[in-house]
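Biologist: I am new to this structure, and I would like to go through it with you step by step.

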Amino acid sequence: MLGPLGRFLKFPFFVRLLLVLLVLQLTFYFSTRKYALKTRMKSVAQTQTHILNKTMVIPALASEGSWQTVVPENSQHKYLVFSAFLDVRNGRSIRIIAVTKTSTRKKGLVKPWCKLWYETPESGLNSKLVEGELKIIQEHWQLPYSPYYVTCPLSENESIPLMVSLLNDPAEEPLNMLKVISNYPEGKKWDANELEPDVKKMAVCVKPLHYDYNKELEFLEFIELHRIMGADHFILYNHTVGPQVNCLLKKYQQQGIVTVLPWELPIQSQKDIRTEGIFASLNDCLFRTMYKFSHVIFLDFDEFIIPTNHYNYRELFRYLHEKYNNKKTSWFSFKNAFFYRQWPDDPAVQEFEDPLEKQLLALRKTTRMVKLHAHGTRSKLIVRPDLVDMVGNHIIWAYYNHKVFRKMDVAPEDAILHHYRICEFGGNDCVKHPSTVDRSAYRYRDALLKAVKTRHEDHFDECQLSKIEGSKYPS
């Protein structure tokens with residue numbers, strides 16, 4: 001009498017093959033279903049209880065600023081995070097700078113989950129899941145992708161997490177790891193009324209450098225003139241720069257004058273997101289300077305906020321406070337003046353003896369439009385970062401407390417924005433506008449020449465800087 005195996009072997013070969021494949025397929029199906037269900041139930045239990053869960057996996061080096069993905073690369077849309085900061089102003093929370101698809105409707109957004117990582121001597125690395133909240137950053141122009149804030153709440157007595165990961169689903173394993181940047185002293189209570197209006201320490205924030213930016217002399221002039229006027233530190237975002245500017249950036253970094261962050265955002269600029277994700281960088285810079293700097297300037301490399309009657313920003317803000325009492329002022333707006341590059345150089349430049357001095361933009365271009373733009377149009381900002389919640393290109397979109405703190409429209413008699421650019425609509429018709437000569441930058445002439453010349457000579461060989469026509473160089 002044949003057993004089960006004997007009866008099976010009597011079937012034709014192709015029937016036996018089909019039966020084997022069917023058994024294998026059913027076995028695989030039920031085993032994967034069981035694993036998925038088990039994993040999901042475990043994750044849901046973790047999420048509902050919000051307890052600390054020990055992990056034996058120590059995360060790789062957490063980033064203080066680099067684009068990392070939230071979702072797998074083969075997802076329908078991109079979802080990226082760049083940085084994370086402790087915010088102690090309205091309760092305590094972690095603020096993450098993120099980019100994902102544009103949605104102005106709350107129901108169109110997937111609820112984010114924050115995985116907070118803690119480290120203790122007793123138990124090592126632990127994690128905790130909390131629900132996050134997405135908030136779109138303004139000026140997205142309804143392009144497919146926009147910057148967002150993700151806010152991860154912390155309880156009042158909870159310790160500050162070491163790192164945070166952002167998840168689309170609490171069941172997922174994290175694909176990103178951000179170091180929580182904590183600029184505020186732990187244990188100290190923050191009070192907006194204790195902030196002093198005087199300039200204590202000042203930073204400059206600039207949108208991402210792109211198009212292989214390599215205007216080496218203008219770059220040196222921008223850094224050195226702002227240092228003369230009182231800037232202490234610069235925060236820059238490197239999308240693409242040329243070799244000479246890249247070398248100069250490293251020199252400034254070595255001296256602690258400049259912080260450079262990589263900005264390799266894998267989203268097409270202007271088609272899918274505004275100008276290299278400019279508003280993600282501006283608001284990263286806002287939180288990166290918060291609690292560390294009393295005042296922060298937001299502008300571009302072809303712009304300078306020049307005091308009309310004062311030598312530096314400390315003098316200017318001391319005067320503004322004495323005149324208007326700025327203790328309740330959260331940000332300052334400066335009217336824009338176009339110094340079009342198509343207008344001829346100032347005739348005084350021809351009398352300069354030093355060839356490098358003849359090349360300095362703020363000394364060459366002194367003709368500007370008579371009519372200044374209104375505040376909010378082309379204007380640029382100096383903010384008190386602790387009192388601001390969302391920065392735009394020309395205005396502030398959200399204050400810390402708009403009922404108590406306010407903006408100040410700085411009068412042109414006190415300072416204006418010098419904007420050195422070509423005609424904004426192409427051609428040369430812009431030079432037909434009524435113009436005037438403004439040499440207010442000339443008060444920095446000697447100091448600026450000395451500073452730029454020293455830098456240029458010190459780094460000429462190593463950075464392979466361009467020769468200045470008419471200057472003498474060692475053979």
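The questions below go from the whole chain to one strand and then to a pocket.

Biologist: How many helices and strands does the protein chain have?
Modeller: This is a predicted model, so everything that follows is computed from predicted atoms. The secondary structure of its protein chain comes to eight helices and 24 strands.

Biologist: What share of the residues of the protein chain count as buried?
Modeller: A residue counts as buried when its relative accessible area is under 20%. With that cut-off applied to the 475 residues of the protein chain, the buried share is 51%.

Biologist: Which residue in β14 is the bridge partner of M202?
Modeller: M202 belongs to strand β11 (residues 202–205), where M202 and V204 point one way, A203 and C205 point the other way, and all are buried. Strand β11 runs parallel to strand β14 (residues 295–298), and four bridges join the two. Within β14, the partner of M202 is H295.

Biologist: Which residue in β12 stands opposite V204?
Modeller: Strand β11 also runs parallel to strand β12 (residues 233–238), to which three bridges join it. The residue of β12 that stands opposite V204 is F234.

Biologist: Which strand gives the largest share of the lining of the largest pocket?
Modeller: The largest pocket has a volume of about 910 Å³, and of the 28 residues that line it, the closest to its centre are K207, H210, D300, D302 and R421. By class, this lining has ten nonpolar, seven polar and eleven charged residues. Its largest share, three residues, comes from residues 415–421, which form strand β23.

Note on methods. Residues numbered from 1 in each chain as written. Predicted model: local features only at pLDDT ≥ 70, side-chain atom pairs only at ≥ 80, totals over all residues. Heavy atoms only, no water. 1 Å grid on protein atoms, 1.4 Å probe; cavity = no way out; pocket = protein on both sides within 12 Å on 5 of 7 lines; lining within 4 Å. Points joined across faces, edges and corners; volume = space filled by probe spheres on them. Nonpolar A, V, L, I, M, F, W, Y, C, P; charged D, E, K, R; others polar. Buried < 20%, exposed > 50% of the residue type's maximum accessible area, 1.4 Å probe, protein only. Pairing = 2+ DSSP bridges.
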